[in-house]
Amino acid sequence: MTQVVLFNIFNGLIVGAFYALMALGLSLIMNLSGVINFAHGGFLAIGGYLAFSMMPYVGFWGALILAPVLTAVLGLFVERVLIRRLYGRDPLYSLLLTFGLAFMFEDGTRFIWGAQGLPFQVPGWLLSPLSTDYFFLTGYRLFMVLIVGIAVAGLFFILNKTRLGIRIRAGTLDLETVSVLGVNVRLLRNMNFGLGIYLAGLAGVLAVGQLGLQPTIGSSLIMPSFVAIIVGGLGSLPGTLLGGLLIGVASGVTTVFFPSATEAVIYVMMAAVLLVRPRGLLGEEGRF
Amino acid sequence: MNTEVFNKQAANVLVWLLLLAMPYWLPAIGGYIELGTRVVVLGLAAMALNLLLGYTGVLSFGHAAYFGLGAYGAGMTVRYLVPSTGLGLLVGTVVGAVAGAIIGPMIIRLRGVYFAMVTIAFAQVFYFIAFRWSTVTGGDDGLTGWTRQPLHLGFTTIDILHNPTAFYYLVFVVFAVAIAIMAWLLRSPFGRTLLAIRENERRARFLGIPVDQHIWISWTISCAFASLAGALYAYVNNFVDPRALYWTQSGDFVIMAVLGGMRSFWGPLIGAAIFVTLQDYVSSQTENWMSFVGLFFVLVVLFFPRGILGMIRRKVAS
(Lines give C-alpha, C1' and ligand atoms only; values in the text may rest on other atoms or scores of the structure.)
Protein backbone atom coordinates (compact mmCIF):
# COMPACT_ATOMS: atom_id res chain seq x y z
CA MET A 1 0.00 0.00 0.00
CA THR A 2 2.74 2.42 0.95
CA GLN A 3 4.36 1.57 -2.33
CA VAL A 4 1.20 2.38 -4.27
CA VAL A 5 0.76 5.65 -2.45
CA LEU A 6 4.42 6.57 -2.96
CA PHE A 7 4.14 5.64 -6.60
CA ASN A 8 1.18 7.91 -7.08
CA ILE A 9 2.67 10.76 -5.12
CA PHE A 10 5.76 10.54 -7.28
CA ASN A 11 3.67 10.33 -10.42
CA GLY A 12 1.68 13.32 -9.26
CA LEU A 13 4.87 15.22 -8.64
CA ILE A 14 5.95 14.63 -12.22
CA VAL A 15 2.61 15.63 -13.65
CA GLY A 16 2.67 18.60 -11.31
CA ALA A 17 6.07 19.52 -12.71
CA PHE A 18 4.54 19.69 -16.21
CA TYR A 19 1.70 21.83 -14.93
CA ALA A 20 4.18 24.07 -13.15
CA LEU A 21 6.40 24.51 -16.21
CA MET A 22 3.42 25.36 -18.33
CA ALA A 23 1.82 27.56 -15.71
CA LEU A 24 5.08 29.47 -15.17
CA GLY A 25 5.12 30.41 -18.84
CA LEU A 26 1.45 31.41 -18.73
CA SER A 27 2.07 33.46 -15.60
CA LEU A 28 5.04 35.27 -17.11
CA ILE A 29 2.97 36.33 -20.10
CA MET A 30 -0.08 37.22 -18.06
CA ASN A 31 1.85 39.26 -15.49
CA LEU A 32 3.65 41.43 -18.00
CA SER A 33 1.16 41.68 -20.84
CA GLY A 34 -2.21 40.89 -19.27
CA VAL A 35 -2.85 38.19 -21.86
CA ILE A 36 -4.19 34.75 -20.95
CA ASN A 37 -2.57 32.62 -23.57
CA PHE A 38 -5.08 29.89 -24.37
CA ALA A 39 -2.76 28.73 -27.14
CA HIS A 40 -0.14 27.75 -24.57
CA GLY A 41 -1.21 24.13 -24.78
CA GLY A 42 -0.95 24.33 -28.54
CA PHE A 43 2.64 25.52 -28.24
CA LEU A 44 3.32 22.65 -25.87
CA ALA A 45 1.99 20.14 -28.40
CA ILE A 46 4.06 21.72 -31.16
CA GLY A 47 7.18 21.45 -28.98
CA GLY A 48 6.51 17.75 -28.47
CA TYR A 49 5.80 17.02 -32.13
CA LEU A 50 8.82 18.99 -33.31
CA ALA A 51 10.99 16.92 -31.00
CA PHE A 52 9.44 13.78 -32.44
CA SER A 53 10.19 14.81 -36.01
CA MET A 54 13.70 15.94 -35.16
CA MET A 55 14.77 12.89 -33.23
CA PRO A 56 15.88 10.78 -36.21
CA TYR A 57 18.30 13.53 -37.22
CA VAL A 58 19.58 15.08 -34.04
CA GLY A 59 18.84 12.37 -31.47
CA PHE A 60 17.03 12.75 -28.18
CA TRP A 61 19.44 15.24 -26.67
CA GLY A 62 19.49 17.44 -29.74
CA ALA A 63 15.69 17.44 -29.82
CA LEU A 64 15.50 18.29 -26.13
CA ILE A 65 17.58 21.39 -26.79
CA LEU A 66 16.35 22.40 -30.25
CA ALA A 67 12.59 21.77 -30.12
CA PRO A 68 11.83 24.24 -27.30
CA VAL A 69 13.98 26.86 -29.01
CA LEU A 70 12.11 26.46 -32.28
CA THR A 71 8.80 26.61 -30.42
CA ALA A 72 9.96 29.82 -28.77
CA VAL A 73 10.81 31.27 -32.19
CA LEU A 74 7.29 30.46 -33.34
CA GLY A 75 6.06 32.18 -30.18
CA LEU A 76 8.10 35.31 -30.94
CA PHE A 77 6.60 35.36 -34.42
CA VAL A 78 3.01 34.95 -33.18
CA GLU A 79 3.48 37.71 -30.63
CA ARG A 80 5.02 40.00 -33.21
CA VAL A 81 2.31 39.47 -35.83
CA LEU A 82 -0.88 38.95 -33.83
CA ILE A 83 -0.80 39.41 -30.09
CA ARG A 84 1.07 42.71 -30.11
CA ARG A 85 -1.90 44.38 -31.79
CA LEU A 86 -4.13 43.67 -28.82
CA TYR A 87 -2.11 45.16 -25.96
CA GLY A 88 -4.04 47.87 -24.21
CA ARG A 89 -7.38 46.69 -25.55
CA ASP A 90 -10.06 44.89 -23.58
CA PRO A 91 -8.54 41.56 -22.40
CA LEU A 92 -11.52 39.85 -24.02
CA TYR A 93 -9.90 40.21 -27.44
CA SER A 94 -6.58 38.60 -26.60
CA LEU A 95 -8.53 35.81 -24.93
CA LEU A 96 -10.53 35.17 -28.08
CA LEU A 97 -7.54 35.44 -30.38
CA THR A 98 -5.44 32.94 -28.45
CA PHE A 99 -8.54 30.75 -28.19
CA GLY A 100 -8.70 30.67 -31.96
CA LEU A 101 -4.99 29.99 -32.16
CA ALA A 102 -5.41 27.05 -29.79
CA PHE A 103 -7.97 25.55 -32.20
CA MET A 104 -5.66 26.11 -35.14
CA PHE A 105 -2.63 24.60 -33.43
CA GLU A 106 -4.52 21.52 -32.29
CA ASP A 107 -6.02 20.96 -35.71
CA GLY A 108 -2.73 21.81 -37.40
CA THR A 109 -0.79 19.19 -35.45
CA ARG A 110 -3.53 16.69 -36.25
CA PHE A 111 -3.31 17.59 -39.93
CA ILE A 112 0.49 17.33 -40.11
CA TRP A 113 1.20 14.41 -37.79
CA GLY A 114 -2.13 12.56 -37.81
CA ALA A 115 -4.83 12.01 -35.22
CA GLN A 116 -3.34 8.76 -33.97
CA GLY A 117 -1.11 8.82 -30.92
CA LEU A 118 2.56 8.36 -31.77
CA PRO A 119 5.20 6.67 -29.63
CA PHE A 120 8.02 8.86 -28.44
CA GLN A 121 11.25 6.94 -27.85
CA VAL A 122 13.41 8.12 -25.03
CA PRO A 123 16.91 6.61 -24.66
CA GLY A 124 16.65 3.02 -23.41
CA TRP A 125 18.98 3.41 -20.49
CA LEU A 126 16.71 6.07 -19.04
CA LEU A 127 13.76 3.70 -18.96
CA SER A 128 15.06 0.88 -16.77
CA PRO A 129 13.93 0.99 -13.15
CA LEU A 130 16.64 1.97 -10.72
CA SER A 131 15.40 -0.21 -7.89
CA THR A 132 13.31 -3.36 -7.75
CA ASP A 133 11.44 -2.23 -4.64
CA TYR A 134 10.51 1.12 -6.08
CA PHE A 135 9.79 -0.01 -9.64
CA PHE A 136 8.38 3.36 -10.59
CA LEU A 137 11.68 5.18 -10.11
CA THR A 138 12.79 4.91 -13.70
CA GLY A 139 15.67 7.00 -14.86
CA TYR A 140 13.42 8.96 -17.19
CA ARG A 141 11.19 10.13 -14.40
CA LEU A 142 14.08 11.27 -12.23
CA PHE A 143 15.56 12.85 -15.32
CA MET A 144 12.37 14.80 -15.95
CA VAL A 145 12.29 16.09 -12.41
CA LEU A 146 15.93 17.09 -12.83
CA ILE A 147 15.29 18.94 -16.10
CA VAL A 148 12.27 20.74 -14.69
CA GLY A 149 14.37 21.69 -11.67
CA ILE A 150 17.11 23.06 -13.90
CA ALA A 151 14.59 24.97 -16.04
CA VAL A 152 12.92 26.53 -13.02
CA ALA A 153 16.26 27.43 -11.46
CA GLY A 154 17.32 28.93 -14.77
CA LEU A 155 14.12 30.94 -15.01
CA PHE A 156 14.52 32.38 -11.54
CA PHE A 157 18.17 33.11 -12.28
CA ILE A 158 17.17 35.03 -15.40
CA LEU A 159 14.47 36.93 -13.56
CA ASN A 160 16.64 37.86 -10.62
CA LYS A 161 20.12 38.28 -12.01
CA THR A 162 19.96 39.37 -15.63
CA ARG A 163 19.02 42.74 -17.03
CA LEU A 164 16.19 41.23 -19.09
CA GLY A 165 14.72 39.52 -16.06
CA ILE A 166 14.92 42.57 -13.85
CA ARG A 167 13.17 44.58 -16.55
CA ILE A 168 10.48 41.93 -16.84
CA ARG A 169 9.86 42.05 -13.12
CA ALA A 170 9.87 45.82 -13.09
CA GLY A 171 7.47 45.88 -16.03
CA THR A 172 5.14 43.55 -14.19
CA LEU A 173 4.83 46.11 -11.44
CA ASP A 174 4.71 49.28 -13.51
CA LEU A 175 5.15 49.02 -17.24
CA GLU A 176 4.67 52.74 -17.84
CA THR A 177 7.57 53.75 -15.65
CA VAL A 178 9.79 51.12 -17.21
CA SER A 179 8.89 52.54 -20.60
CA VAL A 180 9.60 56.10 -19.49
CA LEU A 181 13.01 54.98 -18.24
CA GLY A 182 13.94 54.15 -21.81
CA VAL A 183 13.34 50.43 -22.00
CA ASN A 184 11.94 49.18 -25.28
CA VAL A 185 8.71 47.78 -23.93
CA ARG A 186 7.63 46.17 -27.20
CA LEU A 187 10.86 44.19 -27.35
CA LEU A 188 10.58 43.37 -23.66
CA ARG A 189 7.10 41.94 -24.10
CA ASN A 190 8.26 40.06 -27.16
CA MET A 191 11.19 38.46 -25.33
CA ASN A 192 9.01 37.71 -22.34
CA PHE A 193 6.47 35.96 -24.55
CA GLY A 194 9.25 33.96 -26.15
CA LEU A 195 10.56 32.94 -22.74
CA GLY A 196 7.11 31.76 -21.70
CA ILE A 197 6.67 29.78 -24.91
CA TYR A 198 10.14 28.25 -24.46
CA LEU A 199 8.94 26.79 -21.17
CA ALA A 200 5.83 25.45 -22.91
CA GLY A 201 7.99 23.83 -25.59
CA LEU A 202 10.27 22.25 -23.00
CA ALA A 203 7.26 20.95 -21.08
CA GLY A 204 6.02 19.56 -24.39
CA VAL A 205 9.17 17.54 -25.08
CA LEU A 206 9.18 16.13 -21.56
CA ALA A 207 5.44 15.48 -21.49
CA VAL A 208 5.33 13.46 -24.70
CA GLY A 209 8.11 11.24 -23.36
CA GLN A 210 5.82 10.40 -20.47
CA LEU A 211 2.32 10.66 -21.92
CA GLY A 212 2.87 9.95 -25.62
CA LEU A 213 2.06 12.22 -28.57
CA GLN A 214 -1.58 13.25 -29.00
CA PRO A 215 -2.92 16.31 -30.79
CA THR A 216 -5.16 16.92 -27.78
CA ILE A 217 -2.30 16.91 -25.26
CA GLY A 218 -2.27 20.69 -25.21
CA SER A 219 -5.94 21.22 -24.51
CA SER A 220 -5.88 18.59 -21.77
CA LEU A 221 -2.97 20.22 -19.93
CA ILE A 222 -3.99 23.86 -20.14
CA MET A 223 -6.87 23.87 -17.66
CA PRO A 224 -4.79 22.33 -14.84
CA SER A 225 -2.20 25.01 -15.52
CA PHE A 226 -4.86 27.65 -14.96
CA VAL A 227 -5.76 25.96 -11.72
CA ALA A 228 -2.09 25.93 -10.71
CA ILE A 229 -1.91 29.69 -11.23
CA ILE A 230 -5.14 30.34 -9.32
CA VAL A 231 -4.18 28.08 -6.41
CA GLY A 232 -0.66 29.47 -6.21
CA GLY A 233 -1.74 33.06 -6.48
CA LEU A 234 -1.94 35.34 -9.47
CA GLY A 235 1.14 37.46 -9.95
CA SER A 236 3.45 35.20 -7.97
CA LEU A 237 5.79 32.88 -9.86
CA PRO A 238 6.90 30.90 -6.78
CA GLY A 239 3.18 30.55 -6.05
CA THR A 240 2.57 29.17 -9.53
CA LEU A 241 5.35 26.62 -9.04
CA LEU A 242 3.92 25.60 -5.69
CA GLY A 243 0.39 25.45 -7.12
CA GLY A 244 1.48 23.19 -9.97
CA LEU A 245 3.25 20.72 -7.69
CA LEU A 246 0.39 20.77 -5.16
CA ILE A 247 -2.36 19.98 -7.63
CA GLY A 248 -0.18 17.32 -9.27
CA VAL A 249 0.36 15.53 -5.97
CA ALA A 250 -3.28 15.99 -4.98
CA SER A 251 -4.55 14.33 -8.15
CA GLY A 252 -1.89 11.62 -7.74
CA VAL A 253 -3.06 10.77 -4.23
CA THR A 254 -6.71 10.91 -5.26
CA THR A 255 -6.00 8.31 -7.94
CA VAL A 256 -5.29 5.81 -5.15
CA PHE A 257 -8.38 6.35 -3.08
CA PHE A 258 -11.01 7.68 -5.44
CA PRO A 259 -9.85 7.20 -9.02
CA SER A 260 -12.89 8.69 -10.71
CA ALA A 261 -12.20 12.05 -9.07
CA THR A 262 -8.60 12.25 -10.32
CA GLU A 263 -9.31 15.24 -12.54
CA ALA A 264 -12.08 16.86 -10.53
CA VAL A 265 -10.09 17.09 -7.28
CA ILE A 266 -7.91 19.95 -8.48
CA TYR A 267 -11.00 22.07 -9.17
CA VAL A 268 -12.28 21.32 -5.71
CA MET A 269 -8.92 22.52 -4.38
CA MET A 270 -9.30 25.64 -6.45
CA ALA A 271 -12.77 26.28 -5.01
CA ALA A 272 -11.42 25.82 -1.48
CA VAL A 273 -8.57 28.25 -2.08
CA LEU A 274 -10.91 30.83 -3.61
CA LEU A 275 -13.23 30.60 -0.63
CA VAL A 276 -10.58 30.83 2.05
CA ARG A 277 -7.96 32.96 0.35
CA PRO A 278 -9.21 34.51 -2.90
CA ARG A 279 -5.80 35.87 -3.89
CA GLY A 280 -4.25 32.38 -3.86
CA LEU A 281 -1.65 30.84 -1.57
CA LEU A 282 1.22 33.22 -2.31
CA GLY A 283 -0.67 35.91 -4.23
CA GLU A 284 -0.30 39.57 -3.44
CA GLU A 285 -3.19 41.36 -1.80
CA GLY A 286 -5.22 43.66 -3.99
CA ARG A 287 -3.49 42.87 -7.26
CA PHE A 288 -6.59 41.52 -8.91
CA MET B 1 -41.25 59.52 -31.99
CA ASN B 2 -37.66 60.33 -32.87
CA THR B 3 -35.75 58.35 -35.48
CA GLU B 4 -33.57 56.40 -33.08
CA VAL B 5 -36.48 55.02 -31.12
CA PHE B 6 -38.30 54.35 -34.37
CA ASN B 7 -35.30 52.46 -35.78
CA LYS B 8 -35.07 50.38 -32.64
CA GLN B 9 -38.76 49.48 -32.76
CA ALA B 10 -38.50 48.65 -36.46
CA ALA B 11 -35.51 46.40 -35.80
CA ASN B 12 -37.40 44.60 -33.02
CA VAL B 13 -40.41 44.00 -35.24
CA LEU B 14 -38.17 42.80 -38.06
CA VAL B 15 -36.31 40.31 -35.85
CA TRP B 16 -39.52 38.89 -34.40
CA LEU B 17 -41.12 38.58 -37.85
CA LEU B 18 -38.04 36.84 -39.25
CA LEU B 19 -37.97 34.42 -36.33
CA LEU B 20 -41.70 33.79 -36.51
CA ALA B 21 -41.58 33.02 -40.23
CA MET B 22 -38.31 31.07 -40.10
CA PRO B 23 -39.75 27.66 -41.16
CA TYR B 24 -41.11 29.31 -44.32
CA TRP B 25 -38.21 31.37 -45.61
CA LEU B 26 -35.21 29.37 -44.37
CA PRO B 27 -35.74 26.25 -46.55
CA ALA B 28 -36.39 28.56 -49.50
CA ILE B 29 -32.88 30.01 -49.31
CA GLY B 30 -31.21 26.61 -48.93
CA GLY B 31 -31.24 26.10 -45.17
CA TYR B 32 -33.17 23.56 -43.14
CA ILE B 33 -35.41 23.99 -40.13
CA GLU B 34 -33.13 22.18 -37.66
CA LEU B 35 -30.41 24.68 -38.49
CA GLY B 36 -32.77 27.51 -37.62
CA THR B 37 -33.69 25.78 -34.39
CA ARG B 38 -30.03 25.45 -33.45
CA VAL B 39 -29.45 29.13 -34.20
CA VAL B 40 -32.30 30.17 -31.91
CA VAL B 41 -31.14 27.87 -29.10
CA LEU B 42 -27.47 28.85 -29.25
CA GLY B 43 -28.52 32.46 -29.76
CA LEU B 44 -30.42 32.30 -26.49
CA ALA B 45 -27.28 31.01 -24.76
CA ALA B 46 -25.16 33.76 -26.30
CA MET B 47 -27.71 36.42 -25.30
CA ALA B 48 -27.72 35.01 -21.77
CA LEU B 49 -23.94 35.29 -21.68
CA ASN B 50 -24.18 38.83 -23.02
CA LEU B 51 -26.14 39.83 -19.94
CA LEU B 52 -22.75 39.55 -18.20
CA LEU B 53 -20.39 40.29 -21.04
CA GLY B 54 -22.10 43.26 -22.61
CA TYR B 55 -24.42 44.61 -19.95
CA THR B 56 -22.58 44.01 -16.68
CA GLY B 57 -19.09 44.24 -18.12
CA VAL B 58 -17.95 40.99 -16.51
CA LEU B 59 -15.71 38.71 -18.53
CA SER B 60 -17.34 35.31 -18.13
CA PHE B 61 -15.73 32.53 -20.11
CA GLY B 62 -17.28 29.42 -18.61
CA HIS B 63 -20.88 29.38 -19.72
CA ALA B 64 -20.60 25.97 -21.32
CA ALA B 65 -20.85 24.55 -17.80
CA TYR B 66 -24.35 25.91 -17.20
CA PHE B 67 -25.42 25.25 -20.77
CA GLY B 68 -24.28 21.64 -20.34
CA LEU B 69 -25.85 21.30 -16.90
CA GLY B 70 -29.15 22.41 -18.39
CA ALA B 71 -28.75 19.86 -21.16
CA TYR B 72 -27.97 17.02 -18.74
CA GLY B 73 -30.72 18.17 -16.38
CA ALA B 74 -33.32 18.01 -19.14
CA GLY B 75 -31.98 14.82 -20.69
CA MET B 76 -31.74 12.95 -17.40
CA THR B 77 -35.18 14.07 -16.30
CA VAL B 78 -36.74 12.68 -19.46
CA ARG B 79 -34.55 9.58 -19.42
CA TYR B 80 -34.85 8.60 -15.74
CA LEU B 81 -37.69 10.50 -14.08
CA VAL B 82 -40.70 11.61 -16.09
CA PRO B 83 -41.07 11.67 -19.87
CA SER B 84 -42.22 15.28 -19.84
CA THR B 85 -40.80 18.00 -22.07
CA GLY B 86 -41.88 20.85 -19.82
CA LEU B 87 -40.54 19.31 -16.64
CA GLY B 88 -37.23 18.60 -18.37
CA LEU B 89 -36.88 22.27 -19.28
CA LEU B 90 -37.73 23.30 -15.75
CA VAL B 91 -35.31 20.87 -14.09
CA GLY B 92 -32.53 21.77 -16.50
CA THR B 93 -32.93 25.48 -15.84
CA VAL B 94 -33.10 25.06 -12.08
CA VAL B 95 -30.04 22.80 -11.97
CA GLY B 96 -27.93 25.27 -13.92
CA ALA B 97 -29.20 28.27 -11.98
CA VAL B 98 -28.52 26.62 -8.62
CA ALA B 99 -25.01 25.63 -9.68
CA GLY B 100 -24.40 29.20 -10.81
CA ALA B 101 -25.79 30.62 -7.59
CA ILE B 102 -23.49 28.37 -5.54
CA ILE B 103 -20.36 29.11 -7.55
CA GLY B 104 -21.18 32.83 -7.73
CA PRO B 105 -19.94 33.92 -4.30
CA MET B 106 -16.52 32.38 -5.02
CA ILE B 107 -15.94 34.43 -8.13
CA ILE B 108 -17.84 37.71 -7.89
CA ARG B 109 -15.00 39.52 -6.17
CA LEU B 110 -12.63 38.77 -9.04
CA ARG B 111 -12.35 40.99 -12.10
CA GLY B 112 -11.00 41.05 -15.63
CA VAL B 113 -8.79 38.24 -16.84
CA TYR B 114 -8.83 36.62 -13.42
CA PHE B 115 -12.61 36.30 -13.57
CA ALA B 116 -12.35 34.78 -17.04
CA MET B 117 -9.74 32.27 -15.93
CA VAL B 118 -11.62 31.15 -12.83
CA THR B 119 -14.97 30.81 -14.60
CA ILE B 120 -13.52 28.69 -17.39
CA ALA B 121 -11.59 26.54 -14.94
CA PHE B 122 -14.69 25.96 -12.82
CA ALA B 123 -16.58 24.85 -15.89
CA GLN B 124 -14.20 21.92 -16.19
CA VAL B 125 -15.45 20.32 -12.96
CA PHE B 126 -18.79 19.61 -14.56
CA TYR B 127 -17.11 18.29 -17.67
CA PHE B 128 -15.17 15.74 -15.65
CA ILE B 129 -18.22 14.76 -13.62
CA ALA B 130 -20.19 14.12 -16.81
CA PHE B 131 -17.22 12.33 -18.32
CA ARG B 132 -16.42 10.07 -15.35
CA TRP B 133 -19.82 9.31 -13.87
CA SER B 134 -20.63 7.11 -16.82
CA THR B 135 -23.21 4.87 -15.15
CA VAL B 136 -25.57 7.82 -14.97
CA THR B 137 -24.42 10.22 -17.65
CA GLY B 138 -23.23 7.74 -20.25
CA GLY B 139 -19.71 9.15 -19.97
CA ASP B 140 -17.91 9.85 -23.19
CA ASP B 141 -20.61 8.14 -25.27
CA GLY B 142 -23.16 10.64 -24.06
CA LEU B 143 -26.63 10.29 -22.61
CA THR B 144 -28.67 8.23 -25.04
CA GLY B 145 -31.79 6.10 -24.99
CA TRP B 146 -34.33 8.90 -24.88
CA THR B 147 -36.07 11.29 -27.25
CA ARG B 148 -37.98 14.49 -26.80
CA GLN B 149 -41.53 13.78 -25.71
CA PRO B 150 -44.82 14.84 -27.28
CA LEU B 151 -46.21 18.02 -25.82
CA HIS B 152 -49.45 17.54 -23.89
CA LEU B 153 -51.42 20.75 -23.79
CA GLY B 154 -54.59 19.36 -22.21
CA PHE B 155 -56.82 19.86 -25.25
CA THR B 156 -54.37 18.45 -27.77
CA THR B 157 -51.04 16.64 -28.08
CA ILE B 158 -48.31 17.95 -30.35
CA ASP B 159 -45.75 15.56 -31.77
CA ILE B 160 -42.53 17.56 -31.66
CA LEU B 161 -40.29 14.57 -32.34
CA HIS B 162 -41.18 13.94 -35.97
CA ASN B 163 -42.40 17.38 -36.90
CA PRO B 164 -39.45 19.80 -37.04
CA THR B 165 -41.71 22.80 -37.62
CA ALA B 166 -43.74 22.09 -34.49
CA PHE B 167 -40.52 21.66 -32.53
CA TYR B 168 -39.19 24.92 -33.90
CA TYR B 169 -42.26 26.72 -32.64
CA LEU B 170 -41.86 25.19 -29.20
CA VAL B 171 -38.28 26.49 -29.12
CA PHE B 172 -39.47 29.82 -30.46
CA VAL B 173 -42.08 30.24 -27.73
CA VAL B 174 -39.58 29.39 -24.99
CA PHE B 175 -37.06 31.73 -26.57
CA ALA B 176 -39.62 34.54 -26.81
CA VAL B 177 -40.59 34.24 -23.16
CA ALA B 178 -36.95 34.17 -22.06
CA ILE B 179 -36.05 37.15 -24.23
CA ALA B 180 -39.04 39.11 -22.98
CA ILE B 181 -37.94 38.53 -19.40
CA MET B 182 -34.39 39.54 -20.28
CA ALA B 183 -35.51 42.72 -22.03
CA TRP B 184 -37.76 43.59 -19.10
CA LEU B 185 -34.91 43.01 -16.65
CA LEU B 186 -32.57 45.22 -18.61
CA ARG B 187 -35.13 48.00 -18.70
CA SER B 188 -35.81 47.77 -14.97
CA PRO B 189 -33.84 49.77 -12.36
CA PHE B 190 -31.84 46.59 -11.77
CA GLY B 191 -30.75 46.46 -15.40
CA ARG B 192 -29.84 50.14 -15.38
CA THR B 193 -27.73 49.54 -12.28
CA LEU B 194 -25.86 46.82 -14.13
CA LEU B 195 -25.02 49.32 -16.85
CA ALA B 196 -23.75 51.73 -14.20
CA ILE B 197 -21.48 49.00 -12.84
CA ARG B 198 -20.20 48.28 -16.32
CA GLU B 199 -19.44 51.91 -17.04
CA ASN B 200 -17.79 52.79 -13.75
CA GLU B 201 -17.70 50.24 -11.00
CA ARG B 202 -15.98 52.45 -8.45
CA ARG B 203 -18.51 55.21 -8.92
CA ALA B 204 -21.38 52.75 -8.57
CA ARG B 205 -19.85 51.56 -5.33
CA PHE B 206 -19.55 55.10 -4.02
CA LEU B 207 -23.21 55.67 -4.84
CA GLY B 208 -24.01 52.90 -2.41
CA ILE B 209 -24.85 50.19 -4.89
CA PRO B 210 -24.01 46.74 -3.55
CA VAL B 211 -21.90 45.88 -6.58
CA ASP B 212 -20.90 42.32 -5.66
CA GLN B 213 -24.50 41.42 -4.91
CA HIS B 214 -25.67 42.83 -8.24
CA ILE B 215 -23.01 40.91 -10.11
CA TRP B 216 -24.00 37.75 -8.27
CA ILE B 217 -27.67 38.19 -9.24
CA SER B 218 -26.77 39.03 -12.83
CA TRP B 219 -24.47 36.01 -12.94
CA THR B 220 -27.15 33.68 -11.59
CA ILE B 221 -29.79 34.96 -14.02
CA SER B 222 -27.36 34.59 -16.89
CA CYS B 223 -26.58 31.01 -15.80
CA ALA B 224 -30.30 30.25 -15.57
CA PHE B 225 -30.96 31.38 -19.15
CA ALA B 226 -27.85 29.59 -20.40
CA SER B 227 -29.07 26.36 -18.84
CA LEU B 228 -32.54 26.89 -20.32
CA ALA B 229 -30.81 27.09 -23.69
CA GLY B 230 -28.87 23.96 -22.80
CA ALA B 231 -32.08 22.11 -21.94
CA LEU B 232 -33.51 23.06 -25.34
CA TYR B 233 -30.25 21.97 -26.96
CA ALA B 234 -30.62 18.51 -25.44
CA TYR B 235 -34.03 18.29 -27.13
CA VAL B 236 -32.60 19.50 -30.42
CA ASN B 237 -30.13 16.61 -30.50
CA ASN B 238 -32.12 13.99 -28.53
CA PHE B 239 -28.72 13.41 -26.99
CA VAL B 240 -26.27 15.03 -24.58
CA ASP B 241 -22.54 14.47 -24.49
CA PRO B 242 -19.77 15.95 -22.34
CA ARG B 243 -18.57 18.15 -25.19
CA ALA B 244 -21.51 20.47 -24.45
CA LEU B 245 -19.63 21.19 -21.20
CA TYR B 246 -16.10 21.42 -22.56
CA TRP B 247 -14.21 24.70 -22.36
CA THR B 248 -14.11 25.13 -26.11
CA GLN B 249 -17.91 25.43 -26.11
CA SER B 250 -17.60 28.40 -23.74
CA GLY B 251 -15.42 30.14 -26.29
CA ASP B 252 -18.03 29.57 -28.97
CA PHE B 253 -20.61 31.52 -26.97
CA VAL B 254 -18.22 34.39 -26.40
CA ILE B 255 -17.33 34.63 -30.08
CA MET B 256 -21.04 34.66 -31.00
CA ALA B 257 -21.63 37.58 -28.67
CA VAL B 258 -18.59 39.49 -29.90
CA LEU B 259 -19.23 38.78 -33.56
CA GLY B 260 -22.79 40.06 -33.47
CA GLY B 261 -22.04 42.98 -31.18
CA MET B 262 -21.86 42.85 -27.38
CA ARG B 263 -23.33 46.26 -26.87
CA SER B 264 -26.56 45.56 -28.70
CA PHE B 265 -29.47 43.46 -27.54
CA TRP B 266 -29.83 41.35 -30.69
CA GLY B 267 -26.12 41.16 -31.46
CA PRO B 268 -25.44 37.72 -29.97
CA LEU B 269 -28.36 36.22 -31.89
CA ILE B 270 -26.94 37.51 -35.17
CA GLY B 271 -23.52 36.26 -34.13
CA ALA B 272 -25.01 32.85 -33.39
CA ALA B 273 -26.74 32.77 -36.78
CA ILE B 274 -23.48 33.46 -38.60
CA PHE B 275 -21.37 31.18 -36.45
CA VAL B 276 -23.73 28.20 -36.54
CA THR B 277 -24.32 28.47 -40.27
CA LEU B 278 -20.63 28.78 -40.98
CA GLN B 279 -19.70 25.89 -38.70
CA ASP B 280 -22.40 23.75 -40.27
CA TYR B 281 -21.12 24.52 -43.75
CA VAL B 282 -17.40 24.18 -43.02
CA SER B 283 -17.74 20.92 -41.10
CA SER B 284 -19.67 19.46 -44.04
CA GLN B 285 -16.89 20.49 -46.42
CA THR B 286 -13.68 19.59 -44.61
CA GLU B 287 -12.39 17.48 -41.76
CA ASN B 288 -10.22 20.37 -40.63
CA TRP B 289 -13.13 22.54 -39.60
CA MET B 290 -11.42 23.35 -36.30
CA SER B 291 -8.72 25.27 -38.14
CA PHE B 292 -11.33 27.32 -39.93
CA VAL B 293 -13.24 28.04 -36.75
CA GLY B 294 -9.96 29.08 -35.11
CA LEU B 295 -9.08 31.29 -38.06
CA PHE B 296 -12.56 32.77 -37.82
CA PHE B 297 -11.91 33.71 -34.17
CA VAL B 298 -8.67 35.42 -35.16
CA LEU B 299 -10.27 37.32 -38.04
CA VAL B 300 -13.21 38.50 -35.93
CA VAL B 301 -10.85 39.84 -33.25
CA LEU B 302 -8.65 41.60 -35.80
CA PHE B 303 -11.31 43.01 -38.10
CA PHE B 304 -14.71 43.03 -36.34
CA PRO B 305 -13.92 43.77 -32.69
CA ARG B 306 -17.12 45.81 -32.32
CA GLY B 307 -19.25 43.18 -33.92
CA ILE B 308 -21.52 43.54 -36.88
CA LEU B 309 -24.21 45.59 -35.17
CA GLY B 310 -21.57 47.78 -33.55
CA MET B 311 -20.14 48.54 -36.97
CA ILE B 312 -23.52 49.31 -38.50
CA ARG B 313 -24.37 51.60 -35.62
CA ARG B 314 -21.10 53.46 -36.10
CA LYS B 315 -21.72 53.88 -39.82
CA VAL B 316 -25.20 55.24 -39.14
CA ALA B 317 -23.90 57.61 -36.49
CA SER B 318 -21.17 59.09 -38.65
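I start with a definition: a charge sits over a ring if NZ of Lys or CZ of Arg is within 6 Å of the ring centre and within 35 degrees of the ring normal. I looked up R148(B), and it lies over the face of F167(B), at 3.9 Å from the ring centre. In chain A, the charged end of R89(A) sits over the ring of Y93(A), 5.0 Å from its centre.

I note that this is a predicted model, where local features need pLDDT of at least 70, side-chain atom pairs count only at pLDDT 80 or more, and totals for chains, interfaces and linings use all residues. Residues are numbered from 1 along each chain as its sequence is written, chains are lettered from A and ligands numbered from 1 in the order in which they are written, and side-chain values use heavy atoms, without hydrogens and water.

Next, ring pairs. Rings of Phe, Tyr and Trp (its six-membered ring) pair if their centres lie within 6.5 Å; planes under 30 degrees apart are stacked, over 60 edge-to-face, the rest tilted.

I checked F60(A) and F143(A): their ring centres are 6.1 Å apart and their planes at 55°, so the pair is tilted. Both residues, F60(A) and F143(A), are buried (under 20% relative accessible area; exposed is over 50%, partly exposed in between; 1.4 Å probe, protein chains only).

Then I took W16(B) and F175(B). Their ring centres lie 6.2 Å apart with planes at 65°, so this pair is edge-to-face. W16(B) is partly exposed, at 27% relative accessibility. F175(B) is buried, at 0%.
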